[in-house]
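Colleague: Hi! I'm new to this one, could you walk me through it?
Modeller: Happy to, here it is.
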Amino acid sequence: MKSLAELKAIRERVQNQMELRSDDTDKTRIVVGMATCGIAAGARPVLNEFMQEIDKRNLSGVSVSQTGCIGMCRFEPIVEVFRPGEEKVTYIKMTPDKVAKVVTEHIVNGRPVSEYTIGAAEGGK
Amino acid sequence: MKELSLNILDIAKNSVKAEATRIGIKIDENIPDNTLTIVISDNGCGMSEEFVNRVRDPFTTTRTTRKVGMGIPLFELAASQCGGGLEIESKRGEGTVVTARFEYDHIDRAPIGDMPGTITTLISGSPDIDFEYIHVLNGTEFIFDTAEVREVLGGVPLDTADVLNWINEYISEGLDGLRKSGN
């Protein structure tokens, strides 16, 4: 069973880590659209998969956050990636299966996964 | 929406938008009475009577990116298509209570779905808001309150990965316990 004692141990561990990495100024931001349209299209498991993947690889300087309707509901779930000094990349129709590739290729190695982007969808018409 | 937990996530996000500091989610499964009741309550800014009267209309929204708002209409549809309905009580400056009632065994009732996922998603999106989640199964209660977690954590934010994982497992175990004892 999960216990509050376990939570205390987490607190101590996290407090030590927080001292180690006090400033993450060059933050990569992953933003998931979580309005009605995104939620209905399956954004919640995509968000959770990003959080698990970032945690699993112990990546620092990467944040995962939620936003409202991005305004292109037919492409949901939509994920936007902002890397410092680079143009925003918009991924569309995301699924949990696509997350690992985006994290490896784009977040870690800096190469956007072009076949998942909105550019690929619009250019392919 | 495939699961009611997704409707709950969506409606609770309205409470976040309403600048609530405390949001309550209560699910009451009463199998002998054949009822399922879901209540989402907040202490946010509330709505005027006039707005409450038109909030079920999909062409009512506060957002500016487009002119439709489907959150409340979809939740109302989920309830009314299985012999229930939706009630909204709201007062400016005090908060809002949204109650959805369902016939428990109605063939069109969506499953409750992944509630631990909904609660952790809400917390990770708004780590400074307190969420209270009460799940009742045939009179037996499971209660989770971020206020208690916050107290144990001291200054550690609730949206830390380890904390969210702990919360997810804690709620999953609590709900499993309910299923075992409540039937």
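Modeller: One term before we start: contact means heavy atoms within 4.5 Å. Also, this is a predicted model.
Colleague: Thanks! Let's start with chain B. Which residues of α1(B) and α3(B) meet?
Modeller: From α1(B), B:Leu4, B:Asn7, B:Asp10, B:Ile11 and B:Asn14 take part. Facing them in α3(B) are B:Gly71, B:Ile72, B:Leu74, B:Phe75 and B:Ala78.
Colleague: How many nonpolar, polar and charged residues does that contact have?
Modeller: The contact of α1(B) with α3(B) has six nonpolar, three polar and one charged residues.
Colleague: And at what angle do the two helices pack?
Modeller: About 145°, with the axes 10 Å apart. In chain B, α1 covers residues 4–17 and α3 covers residues 71–80. The crossing of α1(B) and α3(B) is left-handed.
Colleague: Okay, switching to chain A. In what order do the strands of the sheet come?
Modeller: The order is β2-β1-β3-β4 in chain A, four strands in an open sheet with mixed pairing.
Colleague: Which strands are at the edges?
Modeller: Those are β2 (62–67) and β4 (89–91) of chain A, each pairing on one side only. On average, neighbouring strands of this sheet are turned by 20° against each other, direction ignored.
Colleague: Do tell me about β1 and β2: is their pairing parallel or antiparallel?
Modeller: Parallel: β1 (residues 28–33) of chain A pairs with β2(A) over six bridges. A:Thr28 stands opposite A:Val62 in β2(A).
Colleague: Last one: which strands does helix α3 of chain A lie across?
Modeller: Helix α3 (residues 43–56) of chain A lies across β1, β2 and β3 (79–82) of chain A. Relative to β2(A), this helix runs at about 165°.

Definitions and conventions:
Residues numbered from 1 in each chain as written. Chains lettered and ligands numbered in written order. Predicted model: local features only at pLDDT ≥ 70, side-chain atom pairs only at ≥ 80, totals over all residues. Heavy atoms only, no water. Pairing = 2+ DSSP bridges. Axes fitted to C-alpha atoms, helices over the stretch in contact; angles between N-to-C directions. Left-handed = near helix turned anticlockwise from the far one by under 90°. Nonpolar A, V, L, I, M, F, W, Y, C, P; charged D, E, K, R; others polar.
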